[in-house]
Amino acid sequence: MPDHHCSIQETRLKFYNIARFPRIIGAIDCTHVKLQSPGNLLNYFIHYLFLNYIKLGDLLLFIFLGGNIAEVYRNRKGYFSLNVQVVGGPSLEILDIVARWPGSTHDQVIFNNSTIHFKFETNEMGDNILLGDGGYECRPYILVPLISPNTNAELLYNESQIRTRNTIERLFGVWKRRFPILSLGIRTTPDRAQAIIVATAVLHNLASVLGESIPPIDPYIMNQEPIHEEWNVPLAVEERGNNKTSVRTSLIRDYFSNL
């Protein structure tokens with residue numbers, strides 16, 4: 001993530017120039033990277049339970065009942081994967097990545113346990129904002145679309161939010177076209193897969209800086225990649241008028257109503 005005043009202001013300006021949405025420092029979302037063979041996942045499953053504050057007794061009960069450890073890596077589409085959180089920049093660069101969570105983990109859980117969440121919660125990121133989709137809870141520092149916009153200002157907010165957030169969808173497409181293994185599947189254990197995913201993220205950024213051309217779309221690879229929007233099920237009924245939505249409300253009232 002940009003951490004100097006000049007780079008932060010530059011990032012905010014680039015995002016603003018997309019659809020006039022102010023204060024944006026990144027677009028956040030998760031994408032699934034297929035694992036061809038989960039292998040021996042006992043250690044990784046124990047780590048997963050620890051991250052989710054599940055007691056050892058629950059683990060022993062799970063094993064006693066004959067549970068399949070690999071199933072925590074099976075996502076909603078039925079295949080094994082890692083659910084990878086990415087914060088993307090306005091030029092389709094990867095600003096932050098978390099690649100350690102099994103495919104069954106919800107996007108919100110990954111965000112709640114991430115370093116970037118801690119930085120926003122402790123006000124380290126100031127008044128900067130992330131844009132997310134309906135799979136995230138609206139908060140003062142992460143804004144999601146309105147489910148049922150009613151006014152012109154709310155419609156403008158949604159249009160600007162969606163157009164600006166589209167950078168993360170385009171980023172995933174370019175990243176996976178540069179590295180087809182992310183769509184076709186990684187044939188290693190999850191720990192090595194995590195390292196491979198992060199390495200491709202670094203190389204993607206380097207290719208972007210050096211002006212490398214974007215590979216053409218391969219129909220076969222595209223057929224291996226599920227439609228991303230199908231993952232993004234809204235968390236709950238839309239909230240309005242509370243502290244979590246206060247920044248969104250004020251932006252709509254004081255900014256988008258005047259456009």
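Visitor: Where is Leu203?
Guide: Leu203 sits in helix α8, residues 190-209. Helices (H or I, at least four residues) and strands (E, at least two) are DSSP runs, numbered from the N terminus. This is a predicted model: local features need pLDDT of at least 70, side-chain atom pairs count only at pLDDT 80 or more, and totals for chains, interfaces and linings use all residues. Residues are numbered from 1 along each chain as its sequence is written, and side-chain values use heavy atoms, with hydrogens and water left out.

Visitor: New topic. How do β2 and β3 pair?
Guide: In the antiparallel sense, over six bridges. β2 covers residues 81-88 and β3 covers residues 94-102. Two strands pair if DSSP finds at least two bridges between them.

Visitor: Which residue in β3 is the bridge partner of Leu82?
Guide: Pro102.

Visitor: And what is between the strands?
Guide: Five residues, which makes β2 and β3 a hairpin. Leu92 in the turn has a positive phi of about 65 degrees.

Visitor: What about Ser81, buried or exposed?
Guide: Ser81 is buried, because its relative accessible area is 0%. Ser81 lies in strand β2.

Visitor: What does the Ser81 side chain make a polar contact with?
Guide: The side chain of His32, at 2.8 Å. A polar contact is a pair of N or O atoms within 3.5 Å; within protein, one must be able to donate a hydrogen and the other to accept it, and residues adjacent in sequence count only if both atoms are side-chain atoms.

Conventions: Buried < 20%, exposed > 50% of the residue type's maximum accessible area, 1.4 Å probe, protein only.
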